[in-house]
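Please look over the structure below before reading the briefing that follows. The notes are grouped by topic, beginning with a single side chain and its surroundings.

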Amino acid sequence: MHISEIINHFAEDRENYFNAAVPPIAQSANFCYKTVEQMRYALQNEHQVPFYTRGSNPTTDLLRKKLAALEHTEDALLFASGSAAISAAIIANVAMGDHVVCVQKPYSWTAKLLNNILGRFGVTHTMVDGKDFANIKNAVQTNTKVIFLESPNSWTFEMQDLEAVANFAGEKGIITMIDNSYASPILCNPADFGIDIILHSATKYIGGHSDAVAGVLCCSHDMSMKIFKGEFMTLGATISPFNAWLLLRGLRTLPLRIKQAANSAAALVNYLENHPMVEKVYFPFSSSFDQNHLAEKYMKGNAGQFTIVLKTTDTAMIEKFCNAFDFFLLGCSWGGYESLAFPAITLYDSLNYNSGIFPPNMIRFYAGLEEKELLLQDFEKAFRAIQ
Ligand SMILES: *Cc1c(COP(=O)(O)O)cnc(C)c1O
């Protein structure tokens, strides 16, 4: 099925909701039945039939079907946040005494789950530089149950060889998971390369308007049932029907938004790579990116994120540069309408620069939906401020 068919038509059930072009928001916690037989059927099929909204809901289920189709998986589960989806996926696949292999520098709250929480329940982990597949292979122990990938990752876009990891893990019966938030389902479909669970912060590209926090995991029907009956229902980080509806609306324009952001990001990267005040640019599709071959193999194109390292390490200058932007708002996240700058300098507790994993002169950017000429002018203005 073509992406545009999935997004605009697949699984819509218009005749059952007054022929409305847009699905209604089933803003109901509870679903009630006329007979015991009907109620029993709903309860026993809670995974798919509306019974209670912590389990399933018609608005959320429509979104589930579309996201599973976009990620080439059998099923999907929606969560109140990306972090909730990641936590449920990992916790569902480990027990006391098990071990997780995770890439170095995953999303910060993924790291916290492994570093601060799972250890309390006897689950250990090893974080490795996943750029080299041998490091992942060598970190696997007899008790390893999960390999957690994030490709590309958030700031420096390190990638992993998905096919190599999936083949190796498949032989050993280890579950593979990937945080695919960088790429969205439009640019990369890890299930095609054998990855078991695909996770997204749907807050980013899928929602696309910076107005809803949500997460999704995409996987096989069996895995989905296992997680649904366990962590999904128990931890209960349910997406609201209204947020599911906002995501359905956001999804309609996902390919268009990605195209605009990607086009602007590529133009800005080209400008920045030739700028005398820039030390380095991180961008997976840049010819200078050391894993360019993996970007070409696994992604259909670039997204809107890129990171620069300024030549100056003077903190006053770095702040002046960031404060000079009109269109790049200072904030985290990406994938919304608004362009964003996230200076690494904000990650430090104090001005103790030895404490961070990124240098203070590193800044992550997201090119939003403004025309690229405006964004280029914004960079010119910021550079003028520190000349
Ligand atoms: C934002 C983000 C998350 C967490 O998602 P939330 O929706 O904020 O909980 C996870 N991974 C990556 C790569 C992210 O950017």
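Which backbone nitrogen lies 2.7 Å from a polar atom of the side chain of Thr144? In this predicted model, the backbone nitrogen is that of Gln141.

**Thr144 and its surroundings**

- Thr144 belongs to strand S4, and because its relative accessible area is 4%, under the 20% cut-off, Thr144 counts as buried.
- Besides the approach of its side chain to the backbone nitrogen of Gln141, Thr144 makes a polar contact of 2.7 Å with His99, and this contact runs from side chain to side chain.
- When neighbours within four places in sequence are set aside, the residues in contact with Thr144 are His99, Val101, Ala139 and Ile174.

**Helix H5 and what it packs against**

- Helix H5 spans residues 108–117, and its buried residues are Thr110, Ala111, Leu113 and Leu114.
- These buried residues line one face of H5, because they fall within an arc of 155 degrees when the helix is seen down its axis.
- As background, an α-helix has 3.6 residues a turn, and residues three or four places apart therefore point the same way.

**The pairing of H4 with H5**

- The axes of H4 and H5 lie 10 Å apart, and the two helices pack at an angle of about 35 degrees, with H4 passing H5 in a right-handed crossing.
- On the H4 side the contact is made by Ser83, Ile86, Ser87, Ile90 and Ile91, while H5 contributes Trp109, Thr110 and Leu113.
- Sorted by class, this contact of H4 with H5 holds five nonpolar and three polar residues, and no charged residues.

- Trp155 sits in the loop between S4 and helix H7 (162–172), and because its relative accessibility is 7%, Trp155 counts as buried.
- Although Trp155 and Ile363 are 208 residues apart in sequence, their C-alpha atoms are 8.4 Å apart in space.
- Leaving out residues up to four places away in sequence, Trp155 touches Tyr282, Thr307, Phe342, Pro343, Ala344, Leu347, Phe358, Met362, Ile363 and Arg364.

**Backbone features to check**

- Most residues other than glycine have a negative phi, and most peptide bonds are trans.
- The peptide bond that joins Ser151 and Pro152 is cis, with omega about -10 degrees, and Pro152 is placed in the loop between S4 and H7.
- His72, which is not a glycine, has a positive phi of about 60 degrees; His72 is found in the loop between helix H3 (58–70) and strand S1 (75–79), and its relative accessible area of 47% makes His72 partly exposed.
- Ser184 also has a positive phi, near 65 degrees, in a residue other than glycine; Ser184 lies in helix H8 (residues 184–187) and is buried, with a relative accessible area of 1%.

Methods:
Residues numbered from 1 in each chain as written. Predicted model: local features only at pLDDT ≥ 70, side-chain atom pairs only at ≥ 80, totals over all residues. Heavy atoms only, no water. Buried < 20%, exposed > 50% of the residue type's maximum accessible area, 1.4 Å probe, protein only. Helix = DSSP H or I, 4+ residues; strand = E, 2+ residues; numbered from the N terminus. Arc of directions from axis to C-beta. Axes fitted to C-alpha atoms, helices over the stretch in contact; angles between N-to-C directions. Left-handed = near helix turned anticlockwise from the far one by under 90°. Contact = heavy atoms within 4.5 Å. Nonpolar A, V, L, I, M, F, W, Y, C, P; charged D, E, K, R; others polar. Polar contact = N/O pair within 3.5 Å; in protein donor to acceptor, adjacent residues only side chain to side chain.
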